Amino acid sequence: MRIVILASEGAPYVKSGGLGDVMEALPAALARIPGNEVTLILPYYKKIKDNPAYPVERVLEYSVQLGWRDQYAALMRLTNRTDGVDVYFVDNEYYFGARPGAIYGDLDDGERYAFFSRACLNALSILDYIPDIIQCNDWQTALVPTYLKAMYHERFAGTRCMYTIHNIEYQGWANAGFFDDVLGLPWEYRGCLDMNGSVNMMKGAIETADMVTTVSETYSRELMYPYYAHGLDGIIANASWKLTGITNGIDVNTFNPETDPNLPAHFNADTFVEGKRLCKAALQEEVGLPVNPDTPLMVMVTRLAGHKGLDLLCYIARRLLWEEDCQMLILGTGEPQFESFFLQLQEEFPDQVSAKITFNLGLAARIYAGGDVYLMPSKSEPCGLSQMNAMRYGTVPVVHATGGLRDTVPPADENGEGGLGFTFQSYNGDDFLASLKRCLHLYHNDREGFHRLQHRDMCQDFSWDAPAGRYMELFHQMLGA
């Protein structure tokens, strides 16, 4: 099967969040399935262009019509990928190649990714490369299914398009004039993109794609409700017949406690008690906490943003630290009020709290390995990867039962049996505190039961093999095979 995947980011070339991780792992997992021909197309950002680790060859130069603009484009092919995925970059110096800094946040982001969407379809058409499936992701490629249906339907008559929502909060809004000035679509498609008098690219994708997916089964159901859908609940409900959820996996080769080069000691599901003891002691020393093997170390690696449930943690933190023998380690950057709070908490409880307001992948791996309890009280979480990373390293998650957290962390009882972690149902601080206390009670009073829970976590299959198989089932369904 010919599968073309379009996205605005993909590790290791460029990454700003979970989408980048998915675009590293999913194409490779699909390429491992016999008979598949997988192509990934990304923008040719400056940080990719300037990186000598990614040698390319120029395949094609062509033009892209964008409203009244006739823009230059080039298609570059990566020459050193070895896992069966063909990687291409769309080059345009103005939109991507000359802009340093973050890949998102420019005032003309809508125009940039409209260009990218059309440039991808133009390149495939010129090369006469007709895929069976085009899979596109989030608002940055949300125009692809609309363009495909409106302007490329004859050229790609047999091609089916899947649109995947990784985070519905970011929808690709633009003013009404954007439709004529930039998109240049036939007038009859104005309605599918119009929302409250403005252009909403994600709305257009939901209405025109052949299938819509999200990154967990629970999140696909939650999007029917206004609380989660950010205004698109009615649009999602009307498209519910073609909506489904596929829970993401993680890269089990990168996140592997047996081989991770960032760890001071390696371990697996059979040797984790001693391995995690060594990692915990080294981590406590590294971050300036007292080295105590019997004090549970609660950890969190996150972007410091409100929807990550940090308001709940702020609400209960002092009470938790006063009442429980525990330590807390936070790694991340983000909103100033949360950065300030955790730095202040560290000053108040220097023997219990360490706040590392930075971005450090090596330290993140050591936190996954050295922690005892992983905190993830997210208000909403389309899928979440950190809870699976933590379990891979034998760190027990305490999570709000929402989105992918509900799908990947079934609740354990007070003895640590019957599930993979501790959960709370309603989004409030007291319920979060109660679930944490259940977890800490198990740690203090039944260490063997806690170890059994850790062992069960480490034995789970969080690889991309099962999700890739589910994608293939849906691809075959879309093609009527």
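The largest cavity in this predicted model is lined by Y45, K46, K47, F96, R99, P100, G101, A102, I103 and R112. The space inside the largest cavity comes to about 50 Å³. In total, the structure holds two cavities of 30 Å³ or more. A helix pair, α1 with α20, is also described below.

**Largest cavity**
- By class, the lining of the largest cavity has five nonpolar, one polar and four charged residues.
- Among the lining residues are K46, K47, R99 and R112, and these four count as charged.
- G101 also belongs to the lining.

**Second largest cavity**
- The volume of the second largest cavity is about 30 Å³.
- A176, R190, D194, G197, S198 and V199 form the lining of the second largest cavity.
- This lining divides into two nonpolar, two polar and two charged residues.

**Helices α1 and α20**
- Helix α1 covers residues 18–31 and helix α20 covers residues 465–479.
- The two helices pack at an angle of about 70°, and their axes are 9 Å apart.
- Because of that angle, α1 is roughly perpendicular to α20.
- The crossing of α1 past α20 is right-handed.

**Residues in the helix contact**
- On the α1 side, the contact is made by L26, A29 and L30.
- On the α20 side, A468, Y471, M472 and F475 meet them.
- By class, the contact of α1 with α20 has seven nonpolar residues, with no polar and no charged ones.

Key. Residues are numbered from 1 along each chain as its sequence is written. This is a predicted model: local features need pLDDT of at least 70, side-chain atom pairs count only at pLDDT 80 or more; totals for chains, interfaces and linings use all residues. Side-chain values use heavy atoms; hydrogens and water are left out. Axes are lines fitted to C-alpha atoms, for helices over the stretch in contact, and angles run from 0 to 180 degrees between N-to-C directions. Helices (H or I, at least four residues) and strands (E, at least two) are DSSP runs, numbered from the N terminus. Angles under 35 degrees count as roughly parallel, over 145 as roughly antiparallel, 65 to 115 as roughly perpendicular and the rest as oblique. A crossing is left-handed if the near helix is turned anticlockwise from the far one by less than a right angle, and right-handed if clockwise. Contact means heavy atoms within 4.5 Å. On a 1 Å grid over the protein atoms alone, a cavity is a set of points where a 1.4 Å probe fits but cannot get out, and a pocket is an open set with protein on both sides within 12 Å along at least five of seven lines; lining residues have an atom within 4 Å of a point. Grid points are joined across faces, edges and corners, and a volume is the space filled by probe spheres set on the points.
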